[in-house]
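Subject: Structure handover

Hello,

Here is the structure for you to look through. My notes follow below it.

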Amino acid sequence: MKKECFLINVIGIAVPVGLQSMLQSSFSMIDQVMVGQLGGAAVSAVEVAGRPMFIYSVVLGAVAAIAGIMISQYLGMKDEQTADRSLWR
């Protein structure tokens, strides 16, 4: 694979992932700004309500990262059968 082709593929994956991460992190900030006019109790309530979503995002990101590492190792060893099994089961 040529270096230019590889860079195009990386950018094609990195830009949407970066935009998704930026949007996801900005939602909490936007919620705080909108609710900030209602007082401290409302801001605290939004923070408490947003905590489970944050924990879910962290856990899901960790699982996805670990799966990506394992699958890339299997593909590096040219063990496509195990990589497919890891991805689909």
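How many residues does helix 1 have, and how far does helix 1 reach from its first C-alpha to its last? Helix 1 has 33 residues and reaches 48 Å, close to the 48 Å expected at 1.5 Å a residue. The expected span is 1.5 Å times one less than the number of residues.

First, the ground rules. This is a predicted model: local features need pLDDT of at least 70, side-chain atom pairs count only at pLDDT 80 or more, and totals for chains, interfaces and linings use all residues. Residues are numbered from 1 along each chain as its sequence is written, and side-chain values use heavy atoms, without hydrogens or water.

The protein chain has three helices and zero strands. Helices (H or I, at least four residues) and strands (E, at least two) are DSSP runs, numbered from the N terminus. The C-alpha atoms fill a box of roughly 60 × 30 × 15 Å along the principal axes.

Helix 1 bends by about 25° at phenylalanine 27. The bend is the angle between axes fitted to the seven residues ending there and the seven starting there.

Now the contact (heavy atoms within 4.5 Å). Gln24, Asp31, Gln32 and Val35 in helix 1 meet Ala42, Val43, Val46, Glu47, Met53 and Ser57 in helix 2. These residues divide into five nonpolar (Ala, Val, Leu, Ile, Met, Phe, Trp, Tyr, Cys and Pro), two charged (Asp, Glu, Lys and Arg) and three polar (the others, Gly among them).

Best wishes
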